[in-house]
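Here is a friendly briefing on how two parts of one chain meet. Take a look at the structure, then read on.

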Amino acid sequence: MAQAVLTIDLGAICANWRALAAMNAGETAAVVKANAYGLGAATVSRALAEEGARTFFVAQAEEGVTVREALGPGPTICVFGGHMEGDAALLRQANLVPMINSIDQMLRHVEALPGHPFGIQLDSGMNRLGMEPAEWSALRDIALSQNPVLVMSHLACADEAGHGMNEFQLQTFRQMTDGLDVPRSLSATGGTLLGPDYHFDMTRPGIGLYGGLPFVDARPVVSLAIPVIQVRDVNPGESVGYGNSWVARVPSRIATISAGYADGIIRAMGPKAHVWAGETRCKIVGRISMDLIGVDVGQVKDMPETVELLGAHQSVDTLADAAGTIGYEILTSLGTRYARRYIDR
Ligand SMILES: *Cc1c(COP(=O)(O)O)cnc(C)c1O
């Protein structure tokens, strides 16, 4: 079988959720947008609901429908993108809670779905989503009269504990929400780690659940085993792969493994990335192709049938470094061609 196997440890996801939940006194939600960071929104949401998560966040209403189908009635499913044109039927049928981002969205919401639950997203400085202080002042009384179920904002620099932006956004969020009789939420994974000042009534971790930084103590969640299709000897002067970009200087042994950029293995990481053959770290050589990658296995004594790109030896963040990106992008880029195996919680 040439299909690579992506193993997703639901027990580790649940343990990470519990560990983050233990850090704060309020509710701990779960962010499952972008197909639960590429790991499967339905399966991951079900595991987290069984573990005790009661509130889930997605980016778009369509994602919320998937999560609702997986969870059934009961859990709250919130939509960061708010109430967009054409969303009313989905929001109603799947009983989703839009986070209202603007006066326009507020008007659309009360007109299309009067009495339907909603939250408010405030911009405390990131300038991405949510109402700015002036907009919020104008809308505040009307919005509050419609009983929002949550007011939230999002931190821009929470993965850098010492960054002055954190304190600035905290103060701004407080000024915009102090005295309201509505549950408040400011923090994702990074903010959860900043301590109790940042927790309010609910935290919203995503990446920490899936084993990524900035949650350094997270249990690893994914492993990726890629089959070796062929191993060959390459003489000095011979090249490997497209464009002859790698040329052997010494007698070499090259394995060709069965995955490539079509599987989300970012082509640009080629020159810096490694895989593991058993306990041996092996350099990727030549260009990453669509379906194949060359690996220098000269140091490997017993060639295993598969090599590891992600797993016990190499985290999503290590691989992200090689690609000049972040763990989030490695996870959400994971391809659809892998056989996906879940380890039950
Ligand atoms: C993605 C997202 C989260 C989760 O962030 P992590 O850094 O993955 O924990 C929380 N809140 C909002 C608004 C988000 O967009």
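UniProt, in an unreviewed entry, places the feature "domain: Alanine racemase C-terminal" at residues 221–343; such positions follow the numbering used here, feature names are shortened, and annotations may be inferred rather than shown by experiment. This is a predicted model: local features need pLDDT of at least 70, side-chain atom pairs count only at pLDDT 80 or more, and totals for chains, interfaces and linings use all residues. Residues are numbered from 1 along each chain as its sequence is written, and side-chain values use heavy atoms, leaving out hydrogens and water.

**The span and the domains**
- Residues 221–343 are 12% helix and 38% strand, and the end C-alpha atoms of this span lie 10 Å apart.
- The domain assignment, which is automatic or from a database, gives domain 1 (10–210) and domain 2 (222–343).
- The centres of the two domains, taken over C-alpha atoms, are 37 Å apart.

**Where the domains meet**
- In domain 1, 10 residues are in contact (heavy atoms within 4.5 Å) with nine residues of domain 2.
- About 840 Å² is buried between the domains, and carbon and sulfur atoms give 65% of this area; buried area is the accessible area (1.4 Å probe) that two parts lose on being put together, summed over both.
- Tyr 37, Leu 39 and Ile 207 supply 53% of the area that domain 1 buries against domain 2, more than any other three residues.

Conventions:
Helices (H or I, at least four residues) and strands (E, at least two) are DSSP runs, numbered from the N terminus.
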